[in-house]
Amino acid sequence: MSRARADEEEYWHSSKFRAFTFDDEDDELSQLKESKRAVNSLRDIVDDDDDDLERVSWSGEPVGSISWSIKETASSSTSSLEGRDSSLQKGSSSYAAFPKQVSSYSLSSLFKGEFCLSFSALSDTGVKNYAPELRRPKAEYKDYSSDWSPKDTVRRMQRGKICSLERFRSLQDKLVLLDEAVAGHDGNVITAVLIFLKRTLRREILFRELEVRQVALCHLIHFLKETGEQKLLLDLLRLCFFSLSLQLSQYREHLNIQDVEKRREFLKGCIGLPFSAEDTSHIQDHYTLLERQIIIEANDRHLETAGQSEIFRKYPRKASILNMPLVTTLFYSCFYHYTEAEGTFSSPTNLKKTFKIPDKQYVLTALAARAKLRAWDDVDALFTTKNWLGYTKKKAPIGFHRVVEILQRNNAPVQVLQEYVRLVEDVETRLNLATKYKCHDVVIETYKDLKDRIQLTAYKCKVERGSAEEEKINSILNNMVRNAY
């Protein structure tokens, strides 16, 4: 009782306010101590075992979680941006991290030939990042104006990387860049480079360089059609048509040259004309063929005049081989020089390899030439192949039905025709060919394999009475009757 009264007296006679003093430092120190005691007193209210408690913010999310830290960072960044100017003027040490905008990389910027980064704000070097897990990869902060080569630039554009084309200033560098883009076979990259060249080169220079780059020229024409730039498109088409007409007219001049040597030299000069790659290849083949024909003609004329070759004595030449087409030259070579080694210019295999003649065309031409000479052994060797076990087999890339037709046009004997008619796989086609060319044995054997007594009886009326074919049909019919019983 006396203790409670003493506490009450102490409460009423004590005061938390102190008298005024000039010692501000002591006053602030005492206030700090007082605040510390108040904070410590609050800890007594909460249990010591506070690990199980979950602290929740006003938004209902746990304090210290990742989502809470991100929101707190965003709010602090927004408030810091609003007071950035005033804080910088006061020399405050507090600052916020500016959010970086994602780099803009659109198709329009691709067509403009420029690849650049755009940021909403410039960040200072000392900016602190409150959410390091949200930072972009360091590889994206490279200096995109690096000294990339044209090949590396095209490779980066194909992968969708950001790079600049403005660093290619000289005409040579721009043309190398275009050639690398064409070699990469990427239409988007080719179009982007062409738009950059269209913007940075004069029209005359661009058109002149595109004359010898047909792939890039086609891309530019298609792009101008899509964008509706009619004036530039008409100028480009007019120039291309004029250039092509000029080249073709110059190439046709070789028809008016009668001297073979002068024509050969003229064709050699036409190879350097700005044709497309395919047309240039044809002109090159034309020049090579004429050069080969000159050599063959000079040699064969000497052999024919001297009478040293049997085939020229037996089958004299009716015309010169000069200025003849490639197929005619191949037929001539298969007719007069079929057995020559591949190393000679007049060898058929040499012509096939030099001018890349397909197998079907070669077989057709060689078959016609050897059948005309009635060289049936050469015809047989033309279709005979040997497998890795050593077994021989006949195979025709043109189909044996066409072989039969060519042999029949060259008056091949029935024995030779029957051998190749039997090799026709389709039964109906085989019967039609055998019936048409009177290959009786093939017809009889086919009906026998089909066990068709009616057709055999009907075909018996088409063969001569008392012939070997009639006796063969009667024998087959009798065997069918005996086997039936």
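1. Basis. Because the model is predicted, local features need pLDDT of at least 70 and side-chain atom pairs count only at pLDDT 80 or more, whereas totals for chains, interfaces and linings use all residues. Residues are numbered from 1 along each chain as its sequence is written, and side-chain values use heavy atoms, with hydrogens and water left out.

2. Overall content. The chain holds 24 helices and two strands, taken as DSSP runs (helices H or I, at least four residues; strands E, at least two) and numbered from the N terminus. Of its 485 residues, 31% are buried, that is, under 20% relative accessible area with a 1.4 Å probe and protein chains only; exposed means over 50%, and partly exposed lies in between. Among contacts (heavy atoms within 4.5 Å) between residues at least 6 apart in sequence, 49% join residues at least 24 apart.

3. Cysteines. The model has zero disulfides, the criterion being a pair of cysteine sulfur atoms within 2.5 Å. Cysteine 270 is buried at a relative accessible area of 1%, and cysteine 334 is buried at 0%.

4. Helices α13 and α15. Helix α13 (residues 277-306) packs on helix α15 (residues 326-336) at about 30°, with the axes 12 Å apart; axes are lines fitted to C-alpha atoms over the stretch in contact, and angles run from 0 to 180 degrees between N-to-C directions. The pair is therefore roughly parallel, a class for angles under 35 degrees; over 145 is roughly antiparallel, 65 to 115 roughly perpendicular and the rest oblique. Leu289, Gln293, Ile296 and Asp300 of α13 meet Leu326, Thr329 and Tyr332 of α15.

5. Helices α15 and α17. Helix α15 also packs against helix α17 (residues 359-372), at about 45° and with axes 9 Å apart. This makes α15 oblique to α17. From α15 the contact includes Phe331, Cys334 and Phe335, and from α17 it includes Tyr362, Thr365 and Ala369. Cys334, noted above as buried, thus belongs to this contact.

6. Leucine 423. This residue lies in the loop between α20 (414-421) and α21 (427-436) and is partly exposed, at 30% relative accessibility. Leaving aside neighbours within four places in sequence, leucine 423 contacts Lys394 and Phe400. The C-alpha atoms of leucine 423 and phenylalanine 400 are separated by 6.5 Å, the two residues being 23 apart along the chain.
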